[in-house]
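The sequence and model come next.

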Amino acid sequence: MQKAKINFSVNTGLSPFLTDRKEMDSDQNLCLGIDLGTTSVKISIIDTATKDQVFTTTEATNAYISSNDGIQGAEQSILLIMDAICACILRATDKTRSNIGCIAVSGQMHGVVLWNSEGKTPLSNTLDLASFTSNLYTWEDRRATTQFLLSLPKPDSHQPISAGFGNVTLFWLARNEPELLVKYDTAGGVMDYLTTLLCGLDKPVMSNQIACSWGYFNCQTGTWNLNILKDNGFPVHLLPVTVAGGSKVGELCADWFGIRRGTPVLSGLGDLQSSFMAASKLPNDAVMNISTSSQIGFRIDCPGFSPPKQDVPAPVSYFPYFDNGYLAVAASLNGGNILKAFVRMLQQWVGTLGLTIHEESIWLKLTEIASYPEIAEEFSRPVIHPFLYGERYNPNLTASISGMREENSTLECIFHALCNGLVANLHQMMPLSLLIESGVERVVLTGSVISRQPHVMTCVKRTYSPLPVMLEIGAEASYGAALVAAKYLQVP
């Protein structure tokens with residue numbers, strides 16, 4: 001497979017949209033955004049000029065696989081993720097695919113996949129990927145215990161380290177499964193893996209958005225903490241090259257399901273940043289996203305802003321955005337995964353009683369009863385603290401329920417309390433007072449949980465009043481990635 005020739009230099013001082021653009025053919029008037037989520041793949045194809053979405057589809061990956069480290073490990077099959085990508089791409093018409101002029105990929109942050117750079121295969125033949133690729137170790141991975149984290153060196157970065165961060169997982173593998181690492185010569189996020197295959201690169205190219213989420217990356221200098229890592233036995237040869245978010249990393253090295261060879265491919269983006277790009281229409285918007293996990297954040301536009309250094313994880317973190325900007329974000333590990341765990345629990349209880357109920361039937365009933373009137377007196381409602389997966393700022397947090405009485409122990413009361421708890425947790429991490437002090441003028445909602453569970457939106461309106469709260473339909477990370485691709489093509 002022919003290798004694309006690209007420039008690996010890092011330039012964090014210039015907008016990535018101003019450099020190395022390819023002239024677009026007149027009929028290549030569409031942009032493709034791909035989002036590699038925790039549970040599904042979604043694509044959005046938009047008109048470059050109008051930004052209207054002309055095609056979108058999603059495919060569940062069902063990619064979770066058992067880990068040798070039990071429930072502490074969180075791994076997914078790369079083959080199943082790539083199959084889902086191909087399934088989505090093939091649903092677009094031949095004409096639509098042939099008119100795509102730029103590709104941007106977003107996805108789940110923090111996770112890491114390893115591969116051997118000698119392995120090359122067309123993405124239409126995903127079966128060969130297993131021969132040179134590891135599983136994806138996701139952001140949910142918890143094998144790096146608090147004790148293990150304390151054994152690691154302090155990073156030269158504003159971002160403290162946590163379990164599930166790419167470089168923390170690599171540290172754990174280097175110390176506990178070194179025989180695994182010798183099989184591979186490079187690593188990246190799942191988005192970087194895809195862009196590397198699409199462009200036929202020798203070395204993955206990672207955006208600063210993902211590098212920051214991996215840990216041991218200095219956003220001010222745009223460099224890894226190489227000396228710190230080397231001195232502590234870290235396999236630095238695995239680290240990708242880094243560039244600013246939205247930069248071009250290469251071009252399609254071959255036609256891909258009718259998308260033309262030579263089509264520019266941009267650096268992998270964080271799903272957080274892409275969701276914010278899709279949902280935020282005004283400069284003073286805060287965006288709340290509740291999907292598998294949950295986040296609320298706002299943009300910091302102060303020229304020369306330098307994020308404060310945090311020695312330990314705090315409720316609010318700072319992540320690179322675009323054009324040298326940052327997002328202030330409260331990122332919770334608990335979101336739609338909590339509701340899914342609740343559904344599984346109900347299904348298991350029913351099964352223990354010797355009965356059978358399908359998961360989809362439970363979801364339908366929960367959505368129905370969520371519309372029932374809530375107990376009027378707040379003090380009479382049960383309270384759920386939904387910390388089933390802890391939080392990065394306190395991994396030892398556990399879920400709990402209080403205030404239960406006979407009259408408020410119905411399923412609808414408990415489900416109301418669970419939805420209330422998810423929103424209350426985000427408010428505790430990023431309270432209304434902080435939003436108002438920071439100049440936020442409204443809260444925009446997005447994410448699969450909010451679109452499927454209207455009661456969550458009711459909770460947000462009640463919690464963040466008097467700020468206006470609105471739902472942004474279609475503000476998915478894949479659409480945000482497509483917008484980034486369109487911006488790349490349109491800047492003169």
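Is C212 buried or exposed? C212 is buried, at 1% relative accessibility; buried means under 20% relative accessible area, exposed over 50%, and partly exposed in between, with a 1.4 Å probe and protein chains only.

## Basis

This is a predicted model, in which local features need pLDDT of at least 70 and side-chain atom pairs count only at pLDDT 80 or more, while totals for chains, interfaces and linings use all residues. Residues are numbered from 1 along each chain as its sequence is written, and side-chain values use heavy atoms, without hydrogens and water.

## Cysteines

Zero disulfides (pairs of cysteine sulfur atoms within 2.5 Å) turn up in a search of the whole structure. For C212, the closest cysteine sulfur is that of C219, 3.8 Å away and so too far for a bond.

C31 is also buried, at 0% relative accessibility. The closest cysteine sulfur to that of C31 belongs to C102, and the 5.3 Å between them is too far for a bond.

## Nonpolar core

A nonpolar core is a set of buried Ala, Val, Leu, Ile, Met, Phe, Trp, Tyr and Cys residues joined through side-chain atoms within 4.5 Å. The largest has 144 residues, and L32, I34, I103, L170, W256 and L435 have the most contacts inside it.

Beyond four places in sequence, L435 is in contact (heavy atoms within 4.5 Å) with residues including A286, F298, Y464 and L467.

## Helix α1

Helices are DSSP runs (H or I, at least four residues) numbered from the N terminus. Buried residues of α1 are I78, I81, M82, A84, I85, C86, C88 and I89. At the start of α1, a side-chain oxygen of S77 lies within 3.3 Å of the backbone nitrogen of L79.

Conventions:
Helix = DSSP H or I, 4+ residues; strand = E, 2+ residues; numbered from the N terminus. Polar contact = N/O pair within 3.5 Å; in protein donor to acceptor, adjacent residues only side chain to side chain.
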